[in-house]
Amino acid sequence: QKTKSGFSTKGEAQEFLNNITNIIKENRHVSKTKLTVAQVLNEWYSVKIESVCRKNTKLWYDNYIRIHIVPSIGAMPVQSLTPKIIQDFYNSKAETMAATSVAHIHRTLKMGLDYAVNILRCIPANPTRSPGITLRKSTEYKYNVLDQKTIIQLVLAYRDDCRGLILALAGLMGLRRGEIRGLKWEDIDFKNKTLHLSAQLHQSSDFLREREPLKTPKSIRTL
């Protein structure tokens, strides 16, 4: 049961009653809770990320939660979080971080608060989805693309060491760094002169190297 007093006018009291009635009709009523933003994000991470995602993906989300979100707003009760607080948080991060990184923080927080709305049911709506929240647009990155002649010159210049092979695989065949590092001898078909790509090697933030399958079926290919 929820009560509130101290309205200035009868109209204010009626508006409050109408809002509460709509929340109940739409099944958006939530009980008062002491859950903090950090507790919500940690549970979301444990349920939705830690048990299903790859190691690098888990580290990616963990870093944004542990290093950026929790120190700033983690101790705040999740029911006290407002679009204004979130916007101020993003603005403060934008002073020292790239726009893309702030967008990643926004994405992480949004997914965690969606969990609070739909699973924990401790907030009626996700404040990160407020139309008033804005993110600074990232500046368009201009790539300096080498032409085929220049790439061949580089490959020939380093043909006597492993850098020539790496340049050939990356520049002439379009392999990514992780794909090059993940190659094994059995991936090479010398008879048919083909190269089969099915795995990549990642180095995580704890300096552990791990060979894992490529993420999507389209990434698996023979060249």
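Start by selecting Tyr 90. Setting aside its neighbours within four places in sequence, Tyr 90 is in contact (heavy atoms within 4.5 Å) with Val 102, Ile 105, His 106, Leu 109, Thr 128, Ile 133 and Leu 135. The model is predicted: local features need pLDDT of at least 70, side-chain atom pairs count only at pLDDT 80 or more, and totals for chains, interfaces and linings use all residues. Residues are numbered from 1 along each chain as its sequence is written, and side-chain values use heavy atoms, with hydrogens and water left out.

**The cores**

Tyr 90 and Leu 109 have the most contacts inside the largest nonpolar core, a set of 27 residues. A nonpolar core is a set of buried Ala, Val, Leu, Ile, Met, Phe, Trp, Tyr and Cys residues joined through side-chain atoms within 4.5 Å. Buried means under 20% relative accessible area, exposed means over 50%, and partly exposed is in between (1.4 Å probe, protein chains only).

Now colour the helices. At least two residues of this core come from each of helix H2 (37–49), helix H3 (55–73), helix H4 (83–94) and helix H5 (99–120). Helices (H or I, at least four residues) and strands (E, at least two) are DSSP runs, numbered from the N terminus. Which helix gives the most to this core? H5 does, with seven residues.

A second, separate core has six residues, including Leu 169, Leu 175, Ile 180 and Leu 214.

Go to Thr 36, in the loop between helix H1 (10–25) and H2. Is Thr 36 buried or exposed? Thr 36 is buried, because its relative accessible area is 16%. Leaving aside neighbours within four places in sequence, Thr 36 is in contact with Gly 74, Ala 75, Met 76, Pro 77 and Val 78.

Select Pro 77 next. Pro 77 sits in the loop between H3 and H4. With a relative accessible area of 35%, Pro 77 is partly exposed. Not counting residues up to four places away in sequence, Pro 77 touches Leu 35 and Thr 36. Pro 77 and Ala 38 are 39 residues apart in sequence, and 8.8 Å apart in space, C-alpha to C-alpha.

**Arg 121**

Move on to Arg 121, in the loop between H5 and helix H6 (148–157). Most residues other than glycine have a negative phi. Arg 121 has a positive phi, near 55 degrees. Arg 121 is partly exposed, at a relative accessible area of 37%.

**The sheet**

Switch to the strands. Strands of a sheet pair through backbone hydrogen bonds. Here, an open sheet of three strands runs in the order S1-S2-S5, with antiparallel pairing. Its edge strands are strand S1 (188–189) and strand S5 (221–222), each pairing on one side only. Two strands pair if DSSP finds at least two bridges between them.

S1 and strand S2 (residues 194–197) pair in the antiparallel sense over two bridges. Look across from Asp 189: Thr 194 in S2 stands opposite. On the S5 side, two bridges join S2 to S5, again antiparallel. The bridge partner of His 196 is Thr 222 in S5.

Follow the side chains along S2.

The hairpin of S1 and S2 has four residues between the strands. Select Lys 193 in this loop. Its phi is positive, near 55 degrees. Lys 193 counts as exposed, because its relative accessibility is 74%.

**The second largest pocket**

End at the second largest pocket, with about 330 Å³ of space. On a 1 Å grid over the protein atoms alone, a cavity is a set of points where a 1.4 Å probe fits but cannot get out; a pocket is an open set with protein on both sides within 12 Å along at least five of seven lines, and lining residues have an atom within 4 Å of a point. Grid points are joined across faces, edges and corners, and a volume is the space filled by probe spheres set on the points.

Select the lining: Cys 162, Leu 165, Ile 166, Ala 168, Leu 169, Met 173, Ile 180, Leu 183, Lys 184, Trp 185, Ile 188 and Leu 195. Helix H7 (residues 162–172) gives the largest share of this lining, five residues.
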